[in-house]
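Welcome! Let's work through a few "how do you know?" questions together, with the picture at hand.

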Amino acid sequence: MSPADDVAAARPFATLTAGQARRTAVAAQGLDRPRPAPGTATMAHLQRVVDRVGLLQIDSVNVLARAHLLPVFSRLGPYDTALLDRASGRAPRRLVEYWAHEASYVPPRTYQLLRWRMERYRERDHWGRELAHHPGLVETVRGLVADHGPVTASELHALLGHETGPKKHWGWNWTPAKHALEHLFEVGEVATAHRNSQFERAYDLTERVLPPAVLAAPVPAEADAVRELVRIAARAHGVGSLRCLADYFRLRTDAAARAVAELVETGELLPVRVSGWNRAAYLHAGARVPRRTTARALLAPFDPLVFERRRLLDLWGMHYRIGIYTPRAQRTHGYYVLPFLLGEHLVARVDLKAERREGVLRVRAAHAEVPDEVPGLPRTGSGAWPARDVVVGALAAELGETAAWLGLGDVVVDPDAGGDLAGDLARRAPR
């Protein structure tokens with residue numbers, strides 16, 4: 001039994017129904033908040049999203065939009081993506097990159113909470129094998145970044161007089177200089193000053209990227225940093241298991257368990273039972289447990305609400321795999337599939353593609369979820385499953401808003417689109 005479970009077992013448990021847990025999770029992520037009018041979102045709105053979710057995962061896939069842009073849209077509706085560019089690319093930065101859940105944007109203070117992870121990378125010498133045959137390269141690269149930063153990997157190669165050569169296979173084709181840059185990034189000596197239009201990192205010395213006030217603050221000890229990361233995860237979850245809380249920042253379970261136990265002792269986390277769960281759960285003391293929610297959002301494959309797949313299955317009855325990492329023959333719902341949240345339920349999933357040359361948002365598949373698989377689903381009243389025509393109408397409206405945000409004219413459902421919702425959606429999709 002983990003330290004966190006020891007504490008939980010020693011105290012009386014409150015019980016949350018599955019519906020209460022769903023609504024708590026949706027509220028904690030800010031998905032139930034009214035969106036600002038289209039085009040009126042400000043940096044203050046973005047800051048509130050960042051404060052609430054704690055991180056935005058980064059991924060280079062651009063089938064619909066970059067991964068970090070979509071969770072903000074889910075919470076703010078149509079907004080100017082230049083807000084994120086400014087928050088992450090201009091001083092004083094509100095967001096910086098590092099390995100958090102995966103590659104992520106995090107607030108600068110959270111970057112400092114991950115310094116212990118940087119030391120782990122230094123101790124493991126992650127890129128040692130690749131760099132062993134190039135003595136002095138790391139120092140040379142660091143010096144070039146100091147003299148010329150912010151600098152991209154391709155600009156660095158030009159400064160070194162190195163040729164990158166043609167790409168030899170579908171995966172990474174990194175040079176020793178790129179390995180050196182990634183080593184310096186991992187150990188915290190360089191950071192991302194901004195991303196260019198090709199989404200390449202522009203590297204600079206970390207002390208020129210982080211705000212001075214953050215640099216001046218003492219770096220917390222590892223145990224204190226882990227406890228703070230768990231605190232952020234707990235606030236972002238509202239309610240979750242130890243596994244959920246550890247997964248948010250990819251923490252070791254034993255380290256997260258110690259932090260959870262400490263937060264239970266201080267009253268910041270409350271041990272609870274969630275109906276249908278066979279493991280302890282923890283409710284953040286500041287979490288809202290709404291009686292109902294009117295949320296409506298398409299959730300990107302990298303949205304924080306869907307990070308932890310077991311939680312997704314236990315609370316929403318959804319078995320979810322990201323199609324982009326699944327062989328075609330094994331995909332069940334499509335390639336770039338977004339769950340659709342309506343109220344407290346994930347009622348559908350759609351496979352989408354932004355066809356920028358054609359100016360359309362293409363729906364390649366639309367599947368309804370099966371309410372019989374949703375835990376603790378009431379038959380009537382608050383939390384009941386919405387009628388099919390309500391789902392289709394809400395989904396069509398959300399797709400229209402998404403297309404407008406992306407600068408696309410029409411929503412087009414493919415004639416051969418898969419899924420049982422495709423026909424109804426085709427008749428309702430805005431044009």
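**How the chain holds together**

Among contacts in the chain between residues at least 6 apart in sequence, 68% join residues at least 24 apart. Keep in mind that this is a predicted model.

Q: What makes two residues count as being in contact?
A: Their heavy atoms lie within 4.5 Å. Lys-178 touches Ala-153, His-157 and Tyr-203 in this sense, leaving aside residues up to four places away in sequence.

Q: Why is Lys-178 called buried?
A: The word buried is used for a relative accessible area under 20%. Lys-178 has 14%, so Lys-178 is buried. Across the chain, 56% of the 431 residues count as buried.

Q: Where is the place of Lys-178?
A: Lys-178 sits in helix H11, which covers residues 176-186.

Q: How far apart in space are Lys-178 and Val-138?
A: From C-alpha to C-alpha they are 9.9 Å apart, while 40 residues separate them in sequence.

Q: How many helices and strands are there in the chain?
A: You can look for 19 helices and 15 strands.

Q: Why is the chain said to be as compact as a globular protein of that length?
A: The globule rule gives 22 Å for 431 residues, and the radius of gyration of the chain is 23 Å. The two values are close, so the chain is as compact as a globular protein of that length. Along its principal axes, the C-alpha trace spans about 70 × 60 × 45 Å.

Terms used. Residues are numbered from 1 along each chain as its sequence is written. This is a predicted model: local features need pLDDT of at least 70, side-chain atom pairs count only at pLDDT 80 or more; totals for chains, interfaces and linings use all residues. Side-chain values use heavy atoms; hydrogens and water are left out. Helices (H or I, at least four residues) and strands (E, at least two) are DSSP runs, numbered from the N terminus. Buried means under 20% relative accessible area, exposed over 50%, partly exposed in between (1.4 Å probe, protein chains only). The radius of gyration is taken over C-alpha atoms; the globule rule is 2.2 Å times the number of residues to the power 0.38.
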